[in-house]
Amino acid sequence: MSDEQDAVVRRMMQQFEHQISEMNSSAITEIAGDISEEDFLHLAQSISILRAKYLKDVLGMARAEPEALDRKLCYEVRQARLAYEEAVESFDQLKHALQRGYFNLAKR
């Protein structure tokens, strides 16, 4: 690719990035509404609770009698882990959107 073509592609990508940022901002504002510091703290609290529930299930597995160690128990522990991991990822995505400027923190 020539230097001129490379510059055209870079400019186009910068324009796309700006337009995508505006689309994200508009969609988040329209669909999610106001997002506040309290929302971050409530989500962090939810993560703490899901982590505790997951660890409780893990300890239940560790303390289970051999005959209780079955697929159902593993499935329940897995579901608890997935819920916890989903909450952590959700927090990361909310933080990423804030850092990218897709929304401003609302005052409540």
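Is R100 buried, exposed or partly exposed? In this predicted model, R100 is partly exposed, its relative accessible area being 39%.

The structure contains four salt bridges.

The side chains of K72 and E76 come together in a salt bridge with an N to O distance of 3.6 Å. These two residues are four apart in helix α3, so about one helical turn separates them. K72 is exposed, with a relative accessible area of 56%, whereas E76 has a relative accessibility of 37% and is counted as partly exposed. The other salt bridge joins R81 to E85, where the closest N and O atoms are 3.1 Å apart.

Aromatic residues provide another set of links. A pair of aromatic rings is described by the distance of the centres and the angle of the planes. The structure holds two such pairs. In the pair formed by F40 and F91, the ring centres are 5.8 Å apart and the planes stand at 90 degrees, so the arrangement is edge-to-face. The pair bridges distant parts of the chain, with F40 in helix α2 (residues 37–62) and F91 in helix α3 (residues 71–99), 51 residues apart. F40 is buried, with a relative accessible area of 11%, while F91 is partly exposed, with a relative accessible area of 21%. For Y54 and Y84, the ring centres are 6.2 Å apart and the planes lie at 10 degrees, so this pair is stacked. It also links distant parts of the chain, since Y54 is in helix α2 and Y84 in helix α3, 30 residues apart. Both tyrosines count as buried: Y54 has a relative accessible area of 19%, and Y84 has a relative accessibility of 18%.

Attention now turns to a serine. S36 is part of strand β1 (residues 35–36). Its relative accessibility is 1%, so S36 counts as buried. The S36 side chain reaches the backbone nitrogen of E38 at 3.2 Å. Leaving aside residues up to four places away in sequence, S36 touches L105, A106 and R108.

One of its members, M1, is found in the segment before α1 (3–32). With a relative accessibility of 73%, M1 counts as exposed.

Definitions and conventions. Residues numbered from 1 in each chain as written. Predicted model: local features only at pLDDT ≥ 70, side-chain atom pairs only at ≥ 80, totals over all residues. Heavy atoms only, no water. Buried < 20%, exposed > 50% of the residue type's maximum accessible area, 1.4 Å probe, protein only. Polar contact = N/O pair within 3.5 Å; in protein donor to acceptor, adjacent residues only side chain to side chain. Contact = heavy atoms within 4.5 Å. Phe/Tyr/Trp six-rings, centres within 6.5 Å; stacked < 30°, edge-to-face > 60°.
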